[in-house]
Amino acid sequence: MLDLWFSEFHAPDAKLSILVKEQLYSEQTPFQKIDFFDSETFGKFFTLDGLIMITEKDEFIYHEMISNVPMAVNPDIKKVLIIGGGDGGTAREVCRFKTVEQVDMVEIDERVVRLCQKYFPQTACALDNDPRINLIFGDGLKFVQDAPEGAYDLILVDSTDPLGPGEGLFTTEFYRNCYRALNGKGILINQHESPYYKEYAYEMRRAHKKLASVFSIATVYQFYMPTYSSGHWLFGFASKGLDPVKDADFKRWSEFGLQNRYYNPGVHLGAFALPNYVQEELQKED
């Protein structure tokens with residue numbers, strides 16, 4: 001019997017390994033290497049350039065936390081821009097809010113979307129079925145640069161790590177363009193790496209300092225993601241004036257009537273209560 005293990009290194013001497021039942025698909029696109037696998041514990045999962053993006057078992061955590069936090073802070077959000085998010089999970093969660101009127105989703109690699117529609121229909125389900133979604137295949141950097149001033153209430157940067165296709169989504173110039181594309185109550189949420197391992201913490205600090213140089217409010221919030229490096233992962237929260245804790249309106253959020261598996265108001269508040277070591281990491285000078 002042949003044991004096939006997928007392994008992702010989180011540090012030179014630490015890795016996560018998953019026993020693979022079957023490799024479902026593999027493709028090298030002009031942008032990245034895409035692989036789909038099936039496993040017993042995590043179900044189907046897919047990787048980009050050897051890094052786990054989502055698994056069937058835990059994808060709901062990431063997608064609920066990227067979408068519910070800003071919607072609780074500003075329940076009046078109507079126009080949303082998603083940069084990346086090719087698996088469709090972020091769009092799915094945003095579209096659960098019936099008051100959202102428009103979702104522009106810009107993904108650079110169409111093959112990610114098409115393959116997730118095939119292998120992860122539960123995650124990509126909204127992409128074909130919700131008329132509010134405007135699916136655009138192209139460069140998110142250029143799209144934001146060309147976007148009208150004040151066009152969006154919310155920008156969600158659902159990107160890979162700051163390598164390869166995702167590298168430009170962690171620059172000061174990109175954050176400035178996002179600031180311009182947001183209206184007066186605009187919120188930006190971005191994938192913000194992990195505070196735990198040295199290389200991830202370095203990228204976390206870089207992204208935080210750039211966001212803080214552009215937005216008047218810039219902080220991070222945490223969530224537990226079993227298949228991401230260390231399990232301790234962060235989103236960045238930046239806005240032109242709304243505080244993610246003081247301005248959270250849980251009464252109005254509850255009126256959406258969502259049945260979540262991870263996010264709730266208590267989790268929201270706890271997510272911004274950062275451990276001391278994370279606060280210290282954010283203050284370090286590189």
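1. Strands β6 (residues 79–84) and β9 (residues 152–158) run parallel and are joined by five bridges. Within this pair, Gly-84 stands opposite Asp-158 of β9. Strands are DSSP runs of E of at least two residues, and helices are runs of H or I of at least four, numbered from the N terminus.

2. The model is predicted: local features require pLDDT of at least 70 and side-chain atom pairs pLDDT 80 or more, whereas totals for chains, interfaces and linings use all residues. Residues are numbered from 1 along each chain as its sequence is written, and side-chain values use heavy atoms, with hydrogens and water left out.

3. An open sheet of seven strands has mixed pairing and the order β8-β7-β6-β9-β10-β12-β11; two strands pair if DSSP finds at least two bridges between them. Its edge strands, β8 (133–137) and β11 (217–224), each pair on one side only. On average, neighbouring strands of the sheet are turned by 15° against each other, direction ignored.

4. Helix α6 (residues 172–181) packs with helix α7 (residues 198–214) at an angle of about 40°, their axes 9 Å apart. Axes are lines fitted to C-alpha atoms, for helices over the stretch in contact, and angles run from 0 to 180 degrees between N-to-C directions.

5. Contact (heavy atoms within 4.5 Å) involves Thr-172, Tyr-175, Arg-176 and Tyr-179 of α6 with Ala-207, Lys-210, Leu-211, Ser-213 and Val-214 of α7.
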